[in-house]
Amino acid sequence: MRDYFCGWYIKCQNGRQTVAFIAAYHITNNVKSCSLQVITDDGAWNVDYPFAEFRMDENGVKIGPNVFTKQDCHLTVRSPELTVEGSLTFGEFALIAYDIMGPFKYVPFMQCRHSVFSMKHRVDGKLVINGEGFSFDDGVCYIEGDRGHSFPKDYVWTQCCFDGGSLMLSVADIPFCGFHFTGVISAIHYQGKEYRLGTYLGARAVKIQDGEVVIQQGGKTLTARRLEDRGKPLAAPVGGSMKRTIRESAACRTYYHYQENGRTIFEFESDQAAFEYEYPQ
């Protein structure tokens, strides 16, 4: 049994508050385990569960008493550091046109494979996390996933739901067949149209420095610049085991600019952006 991890990332926002959940299972040295991570604007927590309490089917995932489906999620967490109680319901998912990995979805032995399940959909409901209330009334939700054996050694990931759309961008050092290359994947939904950038479409990173990444693909340029670091520690996989610590800002101020052939499609700052910057500073 090879080392492996599989995780689902669910980020919900109401304009003032952010909460994200990472439900995952892992296999390391033939030992199976599962976990639930919870991230808010003010903290991050990891709760481990016995693998016997993990269930997965075509509609969703169950870890202990916590259930995540395509329609809703129900949370009951009791640990020394974290309590969560509540339920959320989801609207119709905003799907992307085709797999975010493009033709790389068919390439075997990749370190990590990414999925985008919904770029932006409605979320309603209430949660109480360590005594703090989170009320979602026509809030927004984004869902993605990762699977493989390890996160890339160096990478940038950012995601933002904004007025008129949603975007995600990931740039990473990819080991492949004895060499390395910088891989790019990005999907943008804006005003009813999908824009796609990817290594498989000719995209390349022309800048990764000081919390900023700039992607060019023909006449297209996407810039993402983190304007503040509100990173909280998260567990990430290495060889299937969640033993690496990364830092994610679930909601921080970020600048985005996207243009095509010199024409600006959108340009804005948001304090609702998620950002992970795991390149050397």
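## Strand pairing of S1 and S11

The bridge partner of Gln-13 in S11 is Val-140. Strand S1 (residues 4-13) and strand S11 (residues 132-148) run antiparallel and are joined by nine bridges. Strands here are DSSP runs (E, at least two residues), numbered from the N terminus, and two of them pair if DSSP finds at least two bridges between them.

## Basis of the model

This is a predicted model, in which local features need pLDDT of at least 70 and side-chain atom pairs count only at pLDDT 80 or more, while totals for chains, interfaces and linings use all residues. Residues are numbered from 1 along each chain as its sequence is written, and side-chain values use heavy atoms, with hydrogens and water left out.

## The sheet

Eleven strands form an open sheet with antiparallel pairing, in the order S4-S3-S2-S1-S11-S10-S9-S8-S7-S6-S5. Strand S4 (44-49) and strand S5 (54-56) are the edge strands, each of which pairs on one side only. From one strand to the next the twist averages 20 degrees; axes are lines fitted to C-alpha atoms, and angles run from 0 to 180 degrees between N-to-C directions.

## Cysteines

A disulfide is a covalent bond between the sulfur atoms of two cysteines. With the criterion of a pair of cysteine sulfur atoms within 2.5 Å, the count is zero disulfides. Cys-6 is in no disulfide, and the nearest cysteine sulfur, that of Cys-112, is 9.9 Å away. For Cys-34, the closest cysteine sulfur is in Cys-6, at 12 Å, which is too far for a bond.

Both residues are buried (under 20% relative accessible area, with exposed over 50% and partly exposed in between; 1.4 Å probe, protein chains only). The relative accessible area is 10% for Cys-6 and 1% for Cys-34.

Definitions and conventions:
Helix = DSSP H or I, 4+ residues; strand = E, 2+ residues; numbered from the N terminus.
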